[in-house]
2 protein chains.
Amino acid sequence: MTAVDPRLSINQATLKRANLAEALRATADGGVQAIGLWREPVNEVGLSTAAKMLEGSGLRFTTHCRGGFFTIPEGPGRRAAIDDNRRAIEETATLAAAGADGSTAILVLVAGGLPEGSRDLIGARSRVRDALEELAPDAAAAGVTLAIEPLHPMYASDRAVVSTLGQALDLAADFDPSVVGVTVDTFHIWWDPQVLEQIARAGRDGRIATYQVCDWKTPLAADVLLSRHYPGDGVIDFASLTSAVVEAGYAGDIEVEIFNEDIWATAPDEVVRRTAEGFGAAVSPSLGATVDSA
Amino acid sequence: MTAVDPRLSINQATLKRANLAEALRATADGGVQAIGLWREPVNEVGLSTAAKMLEGSGLRFTTHCRGGFFTIPEGPGRRAAIDDNRRAIEETATLAAAGADGSTAILVLVAGGLPEGSRDLIGARSRVRDALEELAPDAAAAGVTLAIEPLHPMYASDRAVVSTLGQALDLAADFDPSVVGVTVDTFHIWWDPQVLEQIARAGRDGRIATYQVCDWKTPLAADVLLSRHYPGDGVIDFASLTSAVVEAGYAGDIEVEIFNEDIWATAPDEVVRRTAEGFGAAVSPSLGATVDSA
């Protein structure tokens with residue numbers, strides 16, 4: 001087996017059908033050093049058990065997925081969403097403390113789409129900002145970085161009204177970079193004519209909380225949410241994007257997060273192996289001398 | 001029947017299954033004053049016959065769809081694409097001359113995607129610029145405006161490497177606005193956080209060659225190309241976008257261009273009626289006193 005890049009982290013969504021124990025085992029067995037977790041499988045076993053399992057795995061913890069979904073107007077639904085984000089912040093801090101040295105306390109935030117029946121995109125975006133203001137003190141107190149993730153514009157109506165890296169950086173601008181940063185995910189931003197300059201800006205502002213990679217290929221899956229592929233299997237130029245992220249000063253772990261029915265139907269060990277292989281071929285060559293960040 | 005907005009133009013793609021004769025008849029019978037044509041049905045009857053049919057219909061001609069698809073590297077394929085665009089320019093001039101008073105000679109350009117096997121998005125974009133330079137003299141000589149259409153980023157790999165209005169305006173910037181402008185299509189740009197400022201910029205630069213409207217709704221169709229809807233049936237805020245286009249000084253006809261299997265399976269007269277109804281409810285209220293542009 002070729003050596004696995006020490007900066008590779010498996011995002012648990014890539015192993016969607018595996019429970020937490022299985023995901024931790026397959027990741028560690030595959031020679032990968034780090035993992036990003038999802039709230040549902042963590043809460044399935046309970047937070048303190050999950051933290052113990054993570055600690056036992058010896059893996060670094062890279063991100064917690066995910067908070068957000070706070071575009072709805074004020075009312076009980078919004079209060080519930082804010083409270084749920086507060087719990088996600090606590091989970092993130094607990095898991096980061098349980099992970100191996102080099103773990104990071106990062107909560108990925110997906111903004112949420114237009115509220116049912118609404119066409120007010122500008123209003124929805126302003127409520128994202130309001131939510132950040134409300135949650136920033138909690139995140140700061142817990143030592144957690146909220147990482148706003150711009151999602152591909154094809155999700156703008158039903159999943160994330162934050163669609164570009166530039167927009168995410170504008171939202172983050174008024175907060176301390178240790179409290180509000182951004183998620184740079186190749187799948188969502190590769191098409192953006194401004195992507196290289198916005199990655200550079202994110203670096204200058206100290207806002208790159210996490211870098212996630214997976215590939216884009218057409219035709220898109222019938223459910224466009226599930227159109228992600230192993231790095232190298234599609235058309236994304238990982239060399240230019242990864243070089244830009246490296247030059248912007250990001251030296252942390254790099255997650256592979258893939259939503260894809262075929263990959264989910266594959267055995268976790270094989271998925272980890274293919275992920276490491278694709279990462280090694282498509283991403284590692286651009287990481288240069290900064291390969292070992294642990 | 002409610003009066004049809006005099007600025008409404010039916011883009012022929014909305015009546016995909018109709019031939020030219022049928023499309024012209026259904027549009028005129030529906031009380032619509034203008035039509036945008038597609039090359040394939042025009043060339044099916046031959047250009048001179050198509051021009052006579054258009055003249056006989058009494059309709060204004062608003063755009064010709066479409067040129068472009070010139071992202072491939074130099075070689076016979078690229079030469080063929082450039083030559084084909086030259087023919088499209090000639091067709092546009094001929095049809096505009098045959099349409100009723102107020103017709104406009106506008107050729108919509110879809111840039112094309114990444115060449116087969118390529119990941120070089122930046123290179124593909126630079127070849128779009130090269131093609132514009134090559135075609136601009138022909139367009140100027142023919143009195144035709146090339147209208148670069150930014151397409152939704154979900155088409156960036158396989159259809160159009162021009163994804164935002166700002167990018168289209170950057171591409172157009174070095175050319176005379178009467179020769180190179182942009183297509184503002186709500187479906188493609190509604191999600192863009194910069195859309196209102198870029199529409200204003202397009203107006204200042206005199207670059208809005210045509211304004212096209214249709215709606216966005218999720219879940220997207222399995223073939224994402226066919227996910228367009230009648231204005232008002234989705235989540236796009238036509239009031240803010242249309243007001244921005246009006247304030248930017250655009251006073252021309254407005255096309256409805258819908259790719260949708262269900263709509264294509266509907267009788268053309270009913271499609272024209274529904275289009276006029278949707279347009280009247282969603283778009284007309286924002287057109288204010290400039291309603292009659294003919």
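This is a predicted model: local features need pLDDT of at least 70, side-chain atom pairs count only at pLDDT 80 or more; totals for chains, interfaces and linings use all residues.
Which residues in α3(B) meet which residues in α4(B)?

**View 1. Helices α3 and α4 of chain B pack at an angle of about 25°.**
Start with the two partners: α3 covers residues 47–57 of chain B, and α4 covers residues 76–98. Their axes are 8 Å apart. Angles under 35 degrees count as roughly parallel, so α3(B) and α4(B) are roughly parallel to each other. Their crossing is right-handed.

**View 2. A closer look shows where α3(B) and α4(B) meet.**
Here is the reply to our opening question. From α3(B) come Leu47(B), Ala50(B), Ala51(B), Leu54(B) and Glu55(B), and they meet Glu91(B), Thr94(B), Leu95(B) and Ala98(B) in α4(B). Sorted by class, this contact has six nonpolar residues, one polar residue and two charged ones.

**View 3. Helix α4(B) also packs with helix α5 of chain B, residues 121–142.**
The angle for this pair is about 25°, and the axes lie 10 Å apart. The two helices, α4(B) and α5(B), are therefore roughly parallel to each other. You will find a right-handed crossing for α4(B) and α5(B).

**View 4. Zoom in on the residues that join α4(B) to α5(B) in contact.**
On the α4(B) side, look for Ile82(B), Asn85(B), Arg86(B), Ile89(B), Glu90(B) and Ala93(B). They meet Ala131(B), Glu134(B), Leu135(B), Asp138(B), Ala139(B) and Ala142(B) in α5(B). Seven residues of this contact are nonpolar, one is polar and four are charged.

How values were computed. Residues are numbered from 1 along each chain as its sequence is written. Chains are lettered from A and ligands numbered from 1 in the order in which they are written. Axes are lines fitted to C-alpha atoms, for helices over the stretch in contact, and angles run from 0 to 180 degrees between N-to-C directions. Helices (H or I, at least four residues) and strands (E, at least two) are DSSP runs, numbered from the N terminus. Angles under 35 degrees count as roughly parallel, over 145 as roughly antiparallel, 65 to 115 as roughly perpendicular and the rest as oblique. A crossing is left-handed if the near helix is turned anticlockwise from the far one by less than a right angle, and right-handed if clockwise. Two residues are in contact if their C-beta atoms, placed from the backbone, lie within 7 Å. Ala, Val, Leu, Ile, Met, Phe, Trp, Tyr, Cys and Pro count as nonpolar, Asp, Glu, Lys and Arg as charged, and the others, Gly among them, as polar.
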